[in-house]
Amino acid sequence: VALGAARSRKSTVGLMRGPVALIMACTIASLSYRAAALRALPQAASALGAVGSRMGPLQSGHAGSASTSLWLSPRRATACQHSVARMSGGSATAAEEHSGGGEVKTTTAEERADAEALKMGEAASKDVSAECESSAVLEDFESVDISPSGTFKYVLIKAEDPAGNVKHLLRGYRDSDYHVYAARPTVEKLRNSGLSAQVLGGGRLRHSPDHKTLHLWGRSHSFGREDKSISQALCQAFYPEYEVTWTNDGY
């Protein structure tokens, strides 16, 4: 009986050895594949960035061609970049910088350089305004100048004349991908007129003329967050029939 039992156990072990080995082999292969995939994620992020940057010309070409349909849409490419960034431990900002899609744009090297150049001009504009007589007055500049509708980035600008009089100006346009480009036309015009100009910060603005509402939120990557109570007061005075709200939340 004992010998029979021993033979039975040995037979059972022999039968189990095959499935166990197969399971172990599959587990090792799965772990190796996952490790290789994780190592390849940075290259995948760069490739997706290149795809996003090439989407515009492709989509504007032959809409019904089979080759065009193989490319990801900008929105899907951006979503994939964010997923890759999170999985690889990278930042979403890096993915956004490569993206060519709409409102997810955050910053680029060119935008940062332009913003720094605008900031460096603040001290120079103050020196010039102190030495020469201004060719314009603060009243020549409208307190609020924004696009008639939509959601877009805006900035708050502090303008000052040689006598020390200050006026706040709010600027925001749908065609300005970055805050610096919403600010630059007004800032340059102020400085060329002998007035000093400083960008105090910015955020995003939703203008709904049909509902007569304005909502401000978030901050600027390059200029920071302004005092939104000042921005709200400017918009409320310029649009007295509107409901103007704001929050510091969001980006």
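The side chains of R184 and D114 meet in a salt bridge, with N and O 3.9 Å apart; the term stands for a side-chain nitrogen of Lys or Arg within 4 Å of a carboxyl oxygen of Asp or Glu. R184 belongs to helix α6 (residues 179–192) and D114 to helix α5 (residues 109–131), so the pair ties together parts that are 70 residues apart in sequence. Helices here are DSSP runs (H or I, at least four residues), numbered from the N terminus. R184 is partly exposed at 29% relative accessibility; buried means under 20% relative accessible area, exposed over 50%, and partly exposed in between (1.4 Å probe, protein chains only).

Keep in mind that this is a predicted model, where local features need pLDDT of at least 70, side-chain atom pairs count only at pLDDT 80 or more, and totals for chains, interfaces and linings use all residues. Residues are numbered from 1 along each chain as its sequence is written, and side-chain values use heavy atoms, leaving out hydrogens and water.

How many salt bridges does a search of the whole structure find? There are three. Stay in helix α5 for another: K119 and E116 lie three residues apart there, about one turn of the helix, and their side chains meet at 3.5 Å, N to O. K119 is partly exposed at 28%, and E116 is partly exposed at 42%.

Now look at E226 and K228, whose closest N and O atoms are 2.9 Å apart in a salt bridge. Are these two buried or exposed? E226 is buried, at 4% relative accessibility, and K228 is buried too, at 1%.

Terms used
Helix = DSSP H or I, 4+ residues; strand = E, 2+ residues; numbered from the N terminus.
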